[in-house]
Amino acid sequence: MTTRVALVGGTGKLGTIIAEVIEATEGFETVAVLGSASDLGEIDGADLVVDASVPAVSIDVVRAATERGINVLVGTSGWSADRIALVRPLVEAAGTGAVFIPNFSLGSVIGSALAAASARFFPSIEIVETHRETKVDSPSGTAVRTAELIAAARADAGPVEAPHVDQRARGQQIASVPVHSLRRPGVIAKQETILSGPGESLSIVHDTIDPAAAYAPGIRVALDAARDASGIVVGLDSMIDIGIRRPAAGRQAAPVGDEASGQVARVTSA
């Protein structure tokens, strides 16, 4: 049976990539492509709504899909745990599924999981994320998700040590973790998590080089999960087994393989 997809934000950078993946994936068909300013009534008749719009519109997309009893896959950035909590009662009452993916890159998800797994061993942790100058929100959804995972991993250890956070130059605190956002031309997406302790530091860096190649495997995993999801699901780490313990347990999907090209991840210590 073919899943009919309504794609919101389908003409943007991420939306274009998602549209190409849907077209190439058996069992899925795009039946409507909406812009961020389109009438959301156009999603009527779809089996799944995929949201790649903008943060200001995304919450309306989720509400519109949920009210119609349609599952929704959200790739739009800006969904913190607090914002997801706003729509959780709607999704649960409707008996539908809403899947939120801060980053479709498998390498990015693994980098965030490594940071969370390391978090309880280091008292000082900060995140520096860099995106192109056209990205409208900061901090990025990936940085927010990473900080939230770090906080969950440190539930027993407590908040990270972050002196002088009253000074604006120290970044924005997300779940006690200082996050610094850079917006500049000549870059696609990069995140560095720096964990420091007595006499040493550990840096976990992920670079996106080719978004289409980097995101495609994760988009396919998310499409499969969103089609059958029930309730709120957050992150690709809830769908794949990356082989390390995660702070937030989730259901396990089939192994993804080694298709994650278009990205570079590295872990360094000093």
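Where is G186 found in this structure? In this predicted model, G186 sits in the loop between β8 and β9, the latter covering residues 189–197.

## Confidence in the model

The mean pLDDT of the protein is 91, and 90% of its residues reach 70 or more. Over residues 246–260, however, the pLDDT is below 50, although this stretch still has 26 contacts in the model beyond near neighbours in sequence. Where pLDDT is low, the predicted coordinates should not be read in detail.

G186 and R132 are 54 residues apart in sequence, while their C-alpha atoms are 6.8 Å apart in space.

Is S80 buried, partly exposed or exposed? With a relative accessibility of 23%, S80 counts as partly exposed, because that class lies between the limit of 20% for buried and the limit of 50% for exposed. Once its neighbours within four places in sequence are left aside, S80 is in contact with V144 and E148. From S80 to A6, by contrast, the C-alpha to C-alpha distance is 24 Å, and the two residues are 74 places apart in sequence.

## Helix α2 and its surroundings

Helix α2 runs over residues 55–67, which makes 13 residues, and from its first C-alpha to its last it reaches 19 Å, close to the 18 Å expected at 1.5 Å a residue. After this helix comes G69, whose phi is positive, near 75 degrees.

Which residues of α2 are buried? They are P55, V57, S58, I59, V61, V62, A64, A65 and T66. An α-helix has 3.6 residues a turn, so residues three or four places apart point the same way. The buried residues of α2 pack against the strands β1 (3–8), β3 (48–51), β4 (71–74) and β5 (97–100), and also against helix α3 (81–94).

## The largest pocket

Rolling a probe the size of a water molecule over the atoms shows where empty space is left. In this model the largest pocket holds about 760 Å³ of space. Its lining is made by 29 residues, of which K13, L14, S77, H131 and K135 are the closest to its centre.

The elements that give two or more residues to this lining are α1 (13–24), α5 (141–153) and α6 (211–228), and among the contributors α1 gives the most, with four residues. Sorted by class, the lining of the largest pocket has 13 nonpolar, 12 polar and four charged residues.

## The largest cavity

A search of the whole structure also finds four cavities of 30 Å³ or more, and in the largest of them there is about 100 Å³ of space. The elements that give two or more residues to the lining of this largest cavity are α4 (106–118) and α5, with α4 supplying the largest share, four residues.

The residues lining the largest cavity include P102, N103, S108, V109, T142, R145 and D237. Divided by class, this lining has five nonpolar, five polar and two charged residues.

## Backbone angles in the loops

Most residues other than glycine have a negative phi, and most peptide bonds are trans. Which residues does a cis peptide bond join? Such a bond joins S138 and P139, with omega at about -5 degrees, and P139 lies in the loop between β6 (124–131) and α5.

H164, although not a glycine, has a positive phi of about 60 degrees. Its place is in the loop between α5 and β7 (172–174), and H164 is exposed because its relative accessible area is 52%, where the limit for that class is over 50%. A175, another residue other than glycine, has a positive phi near 55 degrees. A175 lies in the loop between β7 and β8 (177–183), and, with a relative accessible area of 36%, A175 is partly exposed.

Technical notes
Residues numbered from 1 in each chain as written. Predicted model: local features only at pLDDT ≥ 70, side-chain atom pairs only at ≥ 80, totals over all residues. Heavy atoms only, no water. pLDDT = per-residue confidence, 0-100. Contact = heavy atoms within 4.5 Å. 1 Å grid on protein atoms, 1.4 Å probe; cavity = no way out; pocket = protein on both sides within 12 Å on 5 of 7 lines; lining within 4 Å. Points joined across faces, edges and corners; volume = space filled by probe spheres on them. Nonpolar A, V, L, I, M, F, W, Y, C, P; charged D, E, K, R; others polar. Expected span 1.5 Å × (residues − 1). Buried < 20%, exposed > 50% of the residue type's maximum accessible area, 1.4 Å probe, protein only.
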